[in-house]
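Please read these notes with the structure open beside you. They go point by point through a few places in the chain.

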Amino acid sequence: MNKMSQQQAMITEPITFYGAGSMAEAIVKGLIAKTVVQASDITMLNRSNSRRLDELQQLYSVKVSNDSAAVPEILQNSPVIVLAIKPKDAAEVLRSLGPLLSEDTLIVSVIAGLTIRTIQDLLGRKQPVARTMPNTSSSIGLGATGISYSKEINDRQRQTVMTLFGAVGTVTIVEEDKLEILTGISGSGPAYIYYMMEAMMAAGIRGGLTPQQCRELTVQTVLGAARMVQLTGEEPSALRAKVTSPNGSTQAAIETLDKGDFFETVIAAVARCAERSKEMGAALKEGIS
Ligand SMILES: NC(=O)C1=CN([C@@H]2O[C@H](COP(=O)(O)OP(=O)(O)OC[C@H]3O[C@@H](n4cnc5c(N)ncnc54)[C@H](OP(=O)(O)O)[C@@H]3O)[C@@H](O)[C@H]2O)C=CC1
Ligand SMILES: O=C(O)[C@@H]1CCC=N1
């Protein structure tokens with residue numbers, strides 16, 4: 001795996017986000033905060049939710065549309081199209097998108113499970129595709145994005161993709177068959193950490209701390225632990241050992257986690273996430289007649 005960190009180049013081409021939900025907003029928010037793309041070069045499309053588009057326009061000064069008469073022209077004139085719709089909507093969208101594309105329109109997909117091959121089959125053409133798996137922490141510039149490219153993509157387009165995601169966090173280039181397991185770690189991963197935080201906060205409240213105190217303590221603990229791993233370069237297991245006094249309170253807590261098979265449960269959750277991504281991709285592939 002080849003890892004690259006933040007880049008500060010500008011993207012001067014218009015970018016259209018096809019889908020204006022949580023993930024599209026996370027990327028757009030991060031891009032605008034880093035001034036990597038001018039807001040006037042960004043268009044966000046959705047299907048029907050006009051209130052959502054108004055909100056995005058107000059917040060980020062981007063262009064927006066859900067006007068079915070205007071959308072084809074917007075797409076035809078966009079050299080970069082980011083697919084940010086749910087997997088269930090992808091087949092219909094890609095089938096109608098194919099005839100609107102030029103040979104060198106760059107398709108960037110963030111859709112879980114959807115393979116490059118299925119994207120090209122649904123578009124009905126061998127389009128340059130970057131299949132990516134970002135996460136919502138992109139919105140604060142701390143995203144972790146995995147990327148695979150189709151062989152049709154050229155160096156300039158790779159650079160555009162690197163700039164796009166490098167501006168909102170780290171980028172890890174992987175072979176396409178590794179994107180599902182990567183989804184299990186970093187794409188869905190923020191949800192596992194939030195879930196752990198929910199549980200820690202609930203425990204603190206049950207123990208008599210205020211919700212505000214629990215929030216502050218939990219956030220700082222998670223932040224501090226992640227930064228310790230990052231800044232010291234030590235393995236998480238070594239750092240854990242430094243917290244765990246023999247026969248102390250941490251050891252008692254870890255033993256309780258182990259009774260619930262914590263370690264293997266996390267591994268099973270990541271594996272199930274990867275498997276589910278594959279299932280979603282397979283369902284889309286089967287839909288091609
Ligand atoms: N959320 C996350 O943490 C991550 C998500 N992803 C991927 O990102 C993709 C989007 O997820 P998320 O942002 O959570 O989804 P959301 O449900 O928040 O957003 C989906 C968006 O797609 C729009 N849409 C649906 N159908 C059409 C259509 N036919 N034409 C135009 N727009 C359409 C919806 O518009 P409307 O509301 O008007 O129907 C909505 O704006 C998914 O494929 C997911 O796998 C990847 C990494 C992380
Ligand atoms: O839950 C999902 O399907 C998407 C993919 C990664 C994060 N959210």
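1. This is a predicted model. Start at Asp-261, which sits in the loop between H11 and helix H12 (262-286). The phi of Asp-261 is near 55°, a positive value in a residue other than glycine. Most residues other than glycine have a negative phi. Asp-261 has 11 C-beta neighbours inside 10 Å, and because a residue with 12 or fewer is classed as exposed, Asp-261 counts as exposed.

2. Asn-247 also deserves a look. Its place is in the loop between helix H10 (236-243) and helix H11 (249-259). Asn-247 is not a glycine, yet it has a positive phi of about 60°. Is Asn-247 buried or exposed? Asn-247 counts as exposed, because it has 7 C-beta neighbours inside 10 Å.

3. Gln-57 is part of helix H2 (residues 50-60). With 14 other C-beta atoms within 10 Å, Gln-57 is partly exposed: that count falls between the limit of 12 or fewer for exposed residues and the limit of 20 or more for buried ones. Not counting residues up to four places away in sequence, Gln-57 touches Val-62 and Val-64. From Gln-57 to Gln-76 there are 19 residues in sequence and 21 Å in space, C-alpha to C-alpha.

4. Next, the packing of two helices. Two packed helices are described by the angle between their axes and the distance between the axes. For helix H8 (residues 189-206) and helix H9 (residues 211-232), the angle is about 140° and the axes are 9 Å apart. H8 and H9 are therefore oblique to each other, since an angle has to be over 145 degrees to count as roughly antiparallel. The crossing of H8 past H9 is right-handed.

5. Which residues in H8 meet H9? On the H8 side they are Ile-193, Met-197, Met-200, Met-201, Gly-204 and Ile-205. Their partners in H9 are Pro-211, Gln-213, Cys-214, Arg-215, Leu-217, Thr-218 and Val-222. Sorted by class, this contact of H8 with H9 has nine nonpolar, three polar and one charged residues.

6. Leaving aside neighbours within four places in sequence, Ala-24 is in contact with Phe-17, Gly-19, Met-44, Val-82 and Ala-84.

Definitions and conventions:
Residues are numbered from 1 along each chain as its sequence is written. Chains are lettered from A and ligands numbered from 1 in the order in which they are written. This is a predicted model: local features need pLDDT of at least 70, side-chain atom pairs count only at pLDDT 80 or more; totals for chains, interfaces and linings use all residues. Two residues are in contact if their C-beta atoms, placed from the backbone, lie within 7 Å. Axes are lines fitted to C-alpha atoms, for helices over the stretch in contact, and angles run from 0 to 180 degrees between N-to-C directions. Helices (H or I, at least four residues) and strands (E, at least two) are DSSP runs, numbered from the N terminus. Angles under 35 degrees count as roughly parallel, over 145 as roughly antiparallel, 65 to 115 as roughly perpendicular and the rest as oblique. A crossing is left-handed if the near helix is turned anticlockwise from the far one by less than a right angle, and right-handed if clockwise. Ala, Val, Leu, Ile, Met, Phe, Trp, Tyr, Cys and Pro count as nonpolar, Asp, Glu, Lys and Arg as charged, and the others, Gly among them, as polar.
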